[in-house]
Amino acid sequence: MNCLTVENISKSFGERLLFENITFGLDVGQKAALIARNGVGKSSLLNIICGLDAPDTGLVTIRRDLRMAYLPQNPEFDPAATVLEVLFDSDNALIRTVRDYEQALEELKRRENAETHRTFEHCMAEMDRLNAWDFEARMKEILGKFNIERFDQACGELSGGMRKKLAMAKTLIEDVDLLILDEPTNHLDIEMIEWLEDYLMRERLSLLLVTHDRYFLDSVCDTILELENTSLYRYQGNYAYYLEKKAEREYNQAAELEKIRGIYRQELDWMRQSPQARTTKAKARIDAFYELKEKASARFAPKPAELQVKTQRVGNKILELNNICKRYGDLVLVDDFSHVFKRGEKIGIVGRNGIGKTTLMQMISGEIRPDKGRVVKGQTMVFGHFSQEGIQPPDDKRIIEIVKEVAEVIPLGNGREMSASQFLFHFGFNYDTQYNYYFNLSGGERRKLSLLMTLIQNPNFLLLDEPTNDLDIFTLNVLENFLIHFEGCVMFISHDRFFIDKIADHIFVFEGKGKIKDYYGSYSEYRRKKDRQEQMVRRQLSETKPKAEKEKPIPLKKGQSFREKQEYLALEKEIASLETEKNDILKKLGIEGIPHEELLRLSTRFAEIESGLDKKMNRWLELDELNLHTGQ
């Protein structure tokens, strides 16, 4: 059964045609991803579907009584509105009921009389009727996952990343049938992305999303919709299936185009002969010729060749970090970290948001100084630093002018040269787009241009802070090939697991409290190892010992001190106790008609337990790690 139907939709901006006569449908429970290059109309199509924009032609039909929620790429809120006001600003009956209940409760506290009692009792009855108590518990769980704790904070005080998280949380807590998400993984760290991935896989709802996270696509989506050359192509499968079928489609299109061009050459010879008799049959053949000419003129985007930019000469000494430390007040970001960089090394940096990843990169680039320790840079090192803020050129400048101000010619690694225009074309800026003004670029195109400005400055050490945000899959593939063949050093921060696995030789894992672990291997290998360790912990803690059995003394693990052994054993008991309490709370939260005060207390305690478990589990793993390379 269709929940959404799009029929013959077309949209243009001025002379620029985004898409023409595209048609598709979305079934109940189907999870589809819309992918395309930056600037070709993905967000415009979503806005049309959600009724925020009108198509030039065509029709969007949404099933009657369908409940739908939309997450825009750049959500905007009233700066004066609080987080709580934003969360409850909805036409959803369930959310309105919870909002009315909360307001009635506050009014009853301020002014207790017969009228406020009646209002409060009515709201409680509505909460019972709609089973809204479960919704409130679910809301607190989602908010906890996105680290939204201050409900009285004004939206104007939130960072761009926190606004995106607030918008995501608001979208997820609504009880809807169809979710439409535009770049949901942007500004989320890997832990949150993996939670969101698992959440969307479990939920029985229809989904239409724009994302360039390829692991996310592969895990969540069962349908790929590709917008290319103003047309829409549908692939019934995940991302891996899409890659296979797209290659087949392009091969068949190329073969068909070659066949058409062969016929066109024959017809062109006939046209040049200028037949004297223009019979009806001949006129029909002439008309068919011009149609054939249009088809033969079709062009497909060429696959980019490998590109290697010339780098500055690298000496014997590259970069050394000697016991560097950095803290802001009580917040320790980097604590006694050392590393000696080797030629051609490629390092990915992973960890939660706000844990110190960008700070480490800024200390290396010289933007900030460490509190302790030294950053020793080799004399020949030239950094190319791509920050999250990107470049800020005047809006009235054309793209080609911005690039030529830095370099009109880019030297390549094989002794050749490439013009600024050719370099832009290689990264997906066609020749028409190059003469576009900066203010006309989409968010993804602006970030891509900022990244190119970093690459053309002839660096031999690249520092890339979130280079994959907002980039389309085509550009990601080009960037990956560029970095693989880059002869200098690369250090990058990214939450794109596919990108990390493909580029990094090893990863710096920020574990908190300034501790950075150097893991040699891919992120996927690190994650599998961590999952195995956590499963082992839970399995050990779930095994109950007979009460009559006398506990045998546990020998001191090699690598552990006596104090650490005692802490290790105490943590096992504390984690088991917290797991038991957590399960008890979940059972109580499922009971209908539980008083609001008790529900609030249990929800608060549940969030405290979740936070405590994460910290204790991480510490348990640290202590257990002491034995991994010595005792096993």
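Predicted model: local features only at pLDDT ≥ 70, side-chain atom pairs only at ≥ 80, totals over all residues.
Which residues do ring pairs link into a cluster with Phe423?

1. Aromatic cluster. Phe423 is joined through ring pairs with Phe427, Phe482 and Phe486. The structure holds 17 aromatic pairs.

2. The pair of Phe146 and Trp195. These two rings are arranged edge-to-face, with 5.6 Å from centre to centre and 90 degrees between the planes. Phe146 belongs to the loop between helix H5 (132–145) and helix H6 (160–173), whereas Trp195 belongs to helix H7 (residues 190–202), so the pair ties together parts 49 residues apart in sequence. Phe146 has 0% relative accessibility and therefore counts as buried; Trp195, at 13%, also counts as buried.

3. The pair of Tyr235 and Tyr242. This aromatic pair is likewise edge-to-face, at 5.1 Å centre to centre and 80 degrees between the planes. Both Tyr235 and Tyr242 are buried.

4. Nonpolar cores. The largest nonpolar core comprises 57 residues, and Phe146, Leu172, Leu179 and Leu200 have the most contacts inside it. Helix H3 (residues 93–110) gives the most to this core, namely seven residues. Apart from it lies another core, of 44 residues, including Leu412, Phe423, Leu452 and Val509.

5. Surroundings of Leu179. Beyond its neighbours within four places in sequence, Leu179 is in contact with Ala69, Thr171, Leu172, Leu200, Leu205, Ser206, Leu207 and Leu208.

6. One cavity of 30 Å³ or more is present. The largest cavity contains about 150 Å³ of space. Its lining has 17 residues, of which Thr185, Asn186, Thr468, Asn469 and Asp496 are the closest to the centre. By type, the lining of the largest cavity has four nonpolar, eight polar and five charged residues.

Notes:
Residues numbered from 1 in each chain as written. Heavy atoms only, no water. 1 Å grid on protein atoms, 1.4 Å probe; cavity = no way out; pocket = protein on both sides within 12 Å on 5 of 7 lines; lining within 4 Å. Points joined across faces, edges and corners; volume = space filled by probe spheres on them. Nonpolar A, V, L, I, M, F, W, Y, C, P; charged D, E, K, R; others polar. Core = buried A, V, L, I, M, F, W, Y, C linked by side-chain atoms within 4.5 Å. Buried < 20%, exposed > 50% of the residue type's maximum accessible area, 1.4 Å probe, protein only. Helix = DSSP H or I, 4+ residues; strand = E, 2+ residues; numbered from the N terminus. Contact = heavy atoms within 4.5 Å. Phe/Tyr/Trp six-rings, centres within 6.5 Å; stacked < 30°, edge-to-face > 60°.
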